[in-house]
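Q: I have a model to go through, and I would like to discuss some of its details. Could we begin with a side chain?

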Amino acid sequence: MSPLDLPPELRSRLRRLSIVPRRAAVLASAGMHDSRNKGGGLEFAQYRAYERGDDLRAIDWKLYARSDKFFVRDAERESPVAIWIIVDASASMAQADLARPGWSRFDAARRIAASLMEIALYQGDRFGLVVESATGPMVLSPGSGGRHRDRVCLALAPLKASGAADWTRDVGVFGEQMGARDILIFLTDGFDERCIATAERLAASGRDVCIIQILTGDERDFPFDQGYRFHDPETGAELIGDGRTLRADFIARFAAARAALAARLEVRGIRHVEHFIDESADVPIRTLFRSAGR
């Protein structure tokens, strides 16, 4: 199954989740968010009984002729909030677990991206995509509806994680397209300092920034029990060592690095959650937004 094909049980769980802004003032005027923000908008939403004060032009006279009752056509306004999904496609995102070599960090990122789009569809919010790669950013402007979701999935499906992304070079390309009230969700392993600095820069501009840090199960458990050559796919650096000897030191240092990153992001007002690729895609979304979820 493609990472972009969501299993039925995952879709069912996603229907109970929400993507919500950090700031309550934005929530009150956004397109879902408990209400689909009906009124004189763009797309037909539903009929409702006429109420005193409604615009007479909204009355459906053909329906009146059939029912002898007044109904008005509600429409959905376009949400002022756009959800931007920013996917790291650098080489380190191609890392997979020994036990599951066919499922990489990048696959997990695309599964989470598809899940976020599904929730945005339920909410009636617009969503856009940035894929940051060695060749520069691919940017799909925010849109809504199933057709837009399909266009985004078609763009994501053939991509591979490779090379080293230049976030510092490219932030201006996609950052200027992001509205002040938009929600920005980074899907990255968090190992590139320039990626984290980009998230901080966008947060400093007042934008609502979130990071889902995507890690392998092997990094959590370090199951290596013999000699290995560990290779950094972006820098080319290598380390040869015995897994059993390295395990305790690696786990301690890795935990310290994760804690330091979490503290750094918290200071800058960036919501952050870890996701291990052997977990379901809805888990980090639920954790990230649970404080303001349904």
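A: The side chain of serine 115 reaches the backbone oxygen of arginine 111 at 2.9 Å, where a polar contact is a pair of N or O atoms within 3.5 Å, one able to donate a hydrogen and the other to accept it, with residues adjacent in sequence counting only if both atoms are side-chain atoms. This is a predicted model, in which local features need pLDDT of at least 70 and side-chain atom pairs count only at pLDDT 80 or more, while totals for chains, interfaces and linings use all residues. Residues are numbered from 1 along each chain as its sequence is written, and side-chain values use heavy atoms, leaving out hydrogens and water.

Q: Is serine 115 buried or exposed?
A: Serine 115 is buried, as its relative accessible area is 0%. Buried means under 20%, exposed over 50% and partly exposed in between, with a 1.4 Å probe and protein chains only.

Q: Which residues is serine 115 in contact with, leaving aside neighbours within four places in sequence?
A: They are Leu6, Leu10, Leu14, Ala281 and Ile285, contact being heavy atoms within 4.5 Å. Serine 115 itself belongs to helix α4, residues 105-123; helices are DSSP runs of H or I with at least four residues, and strands are E runs of at least two, numbered from the N terminus.

Q: Which residues of helix α10 are buried?
A: In α10 (residues 282-289), these are Asp282, Pro284, Ile285, Leu288 and Phe289. They lie on the same side of α10 because they cover an arc of only 165° around the axis, taken from the directions from the helix axis to the C-beta atoms. The buried residues of α10 pack against α1, α4, β9, β10 and β13.

Q: Changing topic, how many aromatic pairs are there?
A: The count is five, with rings of Phe, Tyr and Trp (its six-membered ring) pairing if their centres lie within 6.5 Å; planes under 30 degrees apart are stacked, over 60 edge-to-face and the rest tilted. One of them, phenylalanine 222 with phenylalanine 224, is edge-to-face, at 4.8 Å centre to centre and 75° between the planes. Both of these residues are buried.

Q: Why is the pair of phenylalanine 250 and phenylalanine 254 stacked?
A: The pair is stacked because the planes are at 15°, with the ring centres 5.4 Å apart. Both residues lie in helix α9, four residues apart. Phenylalanine 250 is partly exposed at 27% relative accessible area, whereas phenylalanine 254 is buried at 10%.
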